[in-house]
Amino acid sequence: MANGSVTPEEEKSVKALGFLRNRGTNNFSGRIITVNGKITADQMICLSEAAKLYGNGVVTMTTRLTVECQGIPFDKIEDFRAHVAKAGLSTGGTGSKVRPVVSCKGTTCQYGLIDTFELSEEIHERFYNGYRSVKLPHKFKIAVGGCPNNCVKPDLNDVGIIGQLIPNFDEESCNGCKKCAVVSACPMNAAKVADGLLQIDGAKCNNCGRCVGKCGFDAIEDGTRGYKIYIGGRWGKSTAVGRPLGKVFTDREEALAAIERAILLFCEQGKTGERFASTISRLGFEYVEKELLDGGILSRKDEILAAGLHATGGATC
């Protein structure tokens, strides 16, 4: 730092550590990683202390559920990092890499169909931490939603997971009630009684699970939990709504394998500077879908990662 001014090289060096320059100043916002937006009370106290000791005392929440402390001078960055590390916190979340995972509060929400905290923590460990050193063509964002309400907008991420509860319909238990509780409970108008039997339109049903347990005759007593995966979503100057893969995953490991295939395919076949949505558009959705469902790319994992195909990525923040 010459004459109190931060050089471009210095700015770049700390950007990789999660420190973004505050506009018009020589100070920085330090981006602290959370796992799906969850931190402990003790960590919150530590962040507050660090913000007052080394920054301007302001703490902001980002749209990706990380936390930023503003106004940190360049020469106080390492002191700040050392302070938050005492509470087990680290900075980062920038660059052309897998980004910190976001999730809704499906674990505690009345509408949650899956344990979003547990799933997003596993994704964080396997793909944010596990792929930390892997440079991708661009940033790669993952979101986990607990139900089709889509509060965290999974379909606007490079990969989005949406919890599902597929109704298990027992025709023999159905009495074909004229006033059907399942029909009344369905928010998608996917259920109707015709010819004395409940019918569920699979094209309309979004597996929200609202119908499960509603029938007084136990025609839909339970459901099968699963994961719907969207790929190729993007938000920003150029937007794209992701498309779902053509199956609902009922096996957790199979769903996680599809996510890893997506990251590896992006690393191997994406062009530096393009988002995953553009890669899918260029390669064709059907081709990408087949690769993610049953492709052999996992067998080439070590080769792909060793190749280091993207020395510089396209992410600017």
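Predicted model: local features only at pLDDT ≥ 70, side-chain atom pairs only at ≥ 80, totals over all residues.
Four residues in H3 are buried: Ile 77, Phe 80, His 83 and Val 84. Now, look down the axis of H3. The buried residues sit within an arc of 125 degrees, so they line one face of the helix.

What do those buried residues of H3 pack against? Quite a list: helix H1 at 8–15, strand S1 at 19–21, strand S2 at 27–32, helix H2 at 41–54 and strand S4 at 67–73.

Next, a pair of helices. H4 covers residues 116–129 and H6 covers residues 252–269, and their axes come within 12 Å of each other. They cross at roughly 40 degrees, so the two helices count as oblique to each other. Left-handed or right-handed? The crossing of H4 and H6 is right-handed.

If you want to find the contact on screen, here's who is in it. From H4 you have Glu 118, Leu 119, Glu 122, Ile 123, Arg 126 and Phe 127. They meet Arg 252, Glu 253, Leu 256, Ile 259, Glu 260 and Ile 263 in H6. Sort the residues of that contact by type and you get six nonpolar, six charged and no polar.

Okay, two single residues now. Thr 316 is in the segment after helix H9, which is 301–307. Buried or exposed? Thr 316 has 60% relative accessibility, so it counts as exposed, the cut-off being over 50%. Thr 316 and His 138 are 178 residues apart in sequence, yet C-alpha to C-alpha they are 9.0 Å apart in space.

The other one is Asp 201, and you'll find it in the loop between strand S9, 197–200, and strand S10, 223–231. Asp 201 comes in at 33% relative accessibility, so we call it partly exposed.

Let me finish by zooming out. The protein chain has nine helices and eleven strands. Along its principal axes, the C-alpha trace spans about 85 × 45 × 30 Å. The chain has 317 residues, and 46% of them count as buried. And how about contacts across the sequence? Taking contacts with a separation of 6 or more, 68% are between residues 24 or more positions apart.

How values were computed
Residues numbered from 1 in each chain as written. Heavy atoms only, no water. Axes fitted to C-alpha atoms, helices over the stretch in contact; angles between N-to-C directions. Parallel < 35°, antiparallel > 145°, perpendicular 65-115°, else oblique. Left-handed = near helix turned anticlockwise from the far one by under 90°. Contact = heavy atoms within 4.5 Å. Nonpolar A, V, L, I, M, F, W, Y, C, P; charged D, E, K, R; others polar. Buried < 20%, exposed > 50% of the residue type's maximum accessible area, 1.4 Å probe, protein only. Arc of directions from axis to C-beta.
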